[in-house]
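Open the model in your viewer and keep the selection panel at hand. This tour goes stop by stop, with something to select at each.

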Protein chains: 2
Amino acid sequence: MHATLCAVRDHPHVNPFDFRGRLQRAGAALLVAGADALLISHLPNLRYLSGLEATAGSGLLTGDGRLFLLVDPRYEAAAAARAEEVGPDLVHPVATADVSASTWLASRCASDGIGRVALESRVLTLHAARLIEQALAAVGWSGALIDQPLDIVEHARRVKDAVELALLREGGARLSEAARGILADGVARVGRTELEVAADIDARVRAVGFSRAAFDTIVASGPRSAFPHARPTDRRLEAGEVVVLDFGGVYGGYCVDLTRTVCLGLPSAEVDRQYHAVRLAQQAGIAAVRPGTTPADVDRAARQVLEAAGLGETFGHGTGHGLGLEVHEAPRLARPRPEDAAQPPLEAGVVCTIEPGAYVTGRAGIRIEDDVVVTAYGHEQITDVPLGWPTAH
Amino acid sequence: MHATLCAVRDHPHVNPFDFRGRLQRAGAALLVAGADALLISHLPNLRYLSGLEATAGSGLLTGDGRLFLLVDPRYEAAAAARAEEVGPDLVHPVATADVSASTWLASRCASDGIGRVALESRVLTLHAARLIEQALAAVGWSGALIDQPLDIVEHARRVKDAVELALLREGGARLSEAARGILADGVARVGRTELEVAADIDARVRAVGFSRAAFDTIVASGPRSAFPHARPTDRRLEAGEVVVLDFGGVYGGYCVDLTRTVCLGLPSAEVDRQYHAVRLAQQAGIAAVRPGTTPADVDRAARQVLEAAGLGETFGHGTGHGLGLEVHEAPRLARPRPEDAAQPPLEAGVVCTIEPGAYVTGRAGIRIEDDVVVTAYGHEQITDVPLGWPTAH
């Protein structure tokens, strides 16, 4: 077991994350981007910077790396604990029971002469933005709000440090252990409902040490397998059908994610061909993962294989996504969208899924997903699970 | 079993929800509020109006009750199925793979002469709002965006119809069944970790027929019970401790929610007094639920009991929240916040939790939660679970 991981396990009260370094680097990045402060609305960003786990709240990060944690009464004690651990010079709890977050923000901006405040506009709601604008106007603030997304913390979160990688590797190993059991024990079997299969998968994910599922488990059988994001129903699995099993777990706060598609009997020649095209596409996607490659390059590598097999039209989603505190985070390995800025190339420490699929409406959908870490010279696959597909007939 | 519920169960492909009526009523409410169209960003609202279950997408509702479903390739087939079921005169799928949602919206507003477009600004992000503004400017649109929240669909969702009530009652009965087993079998017992207890609870919630947990189960033991929203950890339960168990399930899409606080041995006199104050506060809250009472009145009824016991300061959250497609929806039974508009009084068909608590930092937290339906003359409690508290010593 990795040494840092031992530290995490054996001393659960010694938090191994470098919150002080994260705060200071994020503050510096803010200044470089031309802002004096960042209003943090995205809760995983707040957790990354301070360790605060909350379902509501916000933060104000200043260029010198100080973070004001604005929390309601439910999280006052937790915010105080974060200040104590990270250091009361950097983390400052603010109780929003006494003053609304927008009023506090406005008075702070006015009193400290904060001139340019960046907003996390991908997450901040329009309504909350309006309340902030009104509060700032009420105190006569003459600064500027930056509403173009700067993605300061998202960018920092892309590259994982040694502690994060140790947790993700351990998560990958444990999810693989659960997946091997799920395949070997025939959890997806004729006569069970999709919901029963999902419940069994979820129990097994918990049993190998995950604190919870990383997302709602997908069990999609027969024609429903052609819906890439189907929710499990009370439909019973039938002989000869394809079943997509997509599940994940949260280990030490970090998410891992895996998909296998099984066949309850021998597949038709058409479905077998579809399966092997997806398998080759996934291998091509994984092989393309290395520092310097762009996320779009990886997507193209997988997509070209499916296009060559005549299945390009059946692959409607992206090839993969980053993994970390969120199960979907940067980078986005997909065809570029016109509204998005270009993404930087991959670099060592990025962790992502590779999960091409082919979905033929009314017939069958296939998806295969594994998790990989970008290393100094290439990649390391952190999930290890047999394919679960019947041998070709 | 309720007749409508039988219909839901035995004919899973006959959707019993009155989507056409919902669309037409929401369209009419929109016109009354002075808007020509509503851009729907809140996914539970999209589901309420059309039955579409998606993790991404948006909708445009027009005053005549037509709904355009803007979806990415993952949900194209599902959107087409909704149009077929609800009626292609009312539901119109739009593929955002071909044109971005904001570009489509702008061209539609221009071509159809839509003058006033309301936004769901509590959910729409500032970034998405900016993209919409830019797209509208690009087509030379001269209308107005309404960014004050109108809460058109949220308001419609407050009062449940007979099918929704049948699902919520059945959910309440099943969650109670699971809870009685959890208490009777001593799922929270000395030596187990909070995470083990949570996994056991989740498996039991699934076993009684829920499709999934309604939220991450809370198991908070000993001093951690004083954190109202603690996540389960690997802390082991010890003799004499208080443990808060808060869990819920989704049945037929509708959420139910329950909390019991147990003591692993005989409580101290102080904790016992704290428990009975919370119990009396919950009884007072439930007793206050009837048509015509405001949500703030219900909160006050429960809060006054805790204040009279000297525990007012230890009750930092609200007394309850609405239940439905979301586990937290309108109404909000809490002290009014200055930034919120006054909420309407309760009316028959509203479903909510009643869950006061008292949290003494460093010592113990207590919460008791049940679910109630507002009836024509009072209320009906839809959860039925013994208290799980040791008899007083």
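How many residue pairs are in polar contact between chain B and chain A, counting pairs with both at pLDDT 80 or more? The count is 14 residue pairs. Keep in mind that this is a predicted model.

**Stop 1: the interface between the chains**

Select the side of chain B that touches chain A. Three elements of chain B each give two or more residues to this side: α4 (76-86), α6 (126-138) and α9 (194-207). Colour the residues of this side by class. You will find 16 nonpolar, 7 polar and 12 charged.

Now show both sides of the contact. Chain B brings 35 residues and chain A brings 35 residues. Between them the chains bury about 3,300 Å². Carbon and sulfur atoms give 57% of that area.

The interface of chain B and chain A holds 8 salt bridges. One to zoom in on pairs D147(B) with R130(A). Their closest N and O atoms are 2.4 Å apart.

**Stop 2: the symmetry**

Superpose chain B on chain A. A rotation of 180° does it, with 0.0 Å of shift along the axis and an RMSD of 0.0 Å. That is how a two-fold axis relates two copies.

Why do the copies meet through the same surface? Of the interface residues of chain B, 97% are also interface residues in chain A, so the same surface is used by the copies.

**Stop 3: two domains in chain A**

Colour chain A by domain: domain 1 is 18-153 and domain 2 is 161-381. Draw a distance between their C-alpha centres, and the value is 35 Å.

Select the contact between the domains. Domain 1 of chain A puts in 5 residues, and domain 2 of chain A puts in 7 residues. The two domains bury about 480 Å² between them, with 47% of it on carbon and sulfur atoms. Pick R22(A), P44(A) and R47(A). These three supply 65% of the area that domain 1 of chain A buries against domain 2 of chain A, more than any other three residues.

In one salt bridge, D161(A) meets R22(A), with the closest N and O atoms 3.8 Å apart. Now select helix α3 (residues 43-50) of chain A. This helix gives 3 residues, the largest share of the side of domain 1 of chain A that touches domain 2 of chain A. That side has 2 nonpolar, 1 polar and 2 charged residues.

**Stop 4: D151(A)**

Centre on D151(A). Where is D151(A)? The residue sits in the loop between β6 and α7 of chain A. Check the backbone: phi of D151(A) is near 55°, a positive value in a residue other than glycine.

Now show the side chain. D151(A) forms a salt bridge with R122(A), at 2.7 Å from N to O. The pair links distant parts of the chain, 29 residues apart. R122(A) lies in the loop between β5 (116-119) and α6 (126-138) of chain A.

**Stop 5: a cis peptide bond in each chain**

Go to A330(A) and P331(A). A cis peptide bond joins them, with omega about 0°. P331(A) is part of strand β12 (residues 329-333) of chain A.

Bring chain B back and select A330(B) and P331(B). Here too the peptide bond is cis, with omega about 0°. P331(B) belongs to strand β12 (residues 329-333) of chain B.

Key. Residues numbered from 1 in each chain as written. Chains lettered and ligands numbered in written order. Predicted model: local features only at pLDDT ≥ 70, side-chain atom pairs only at ≥ 80, totals over all residues. Heavy atoms only, no water. Contact = heavy atoms within 4.5 Å. Buried area = accessible area lost by both parts, 1.4 Å probe. Salt bridge = Lys/Arg side-chain N within 4 Å of Asp/Glu carboxyl O. Polar contact = N/O pair within 3.5 Å; in protein donor to acceptor, adjacent residues only side chain to side chain. Helix = DSSP H or I, 4+ residues; strand = E, 2+ residues; numbered from the N terminus. Nonpolar A, V, L, I, M, F, W, Y, C, P; charged D, E, K, R; others polar. Least-squares fit on C-alpha atoms with pLDDT ≥ 70 in both. Domains from an automatic or database assignment.
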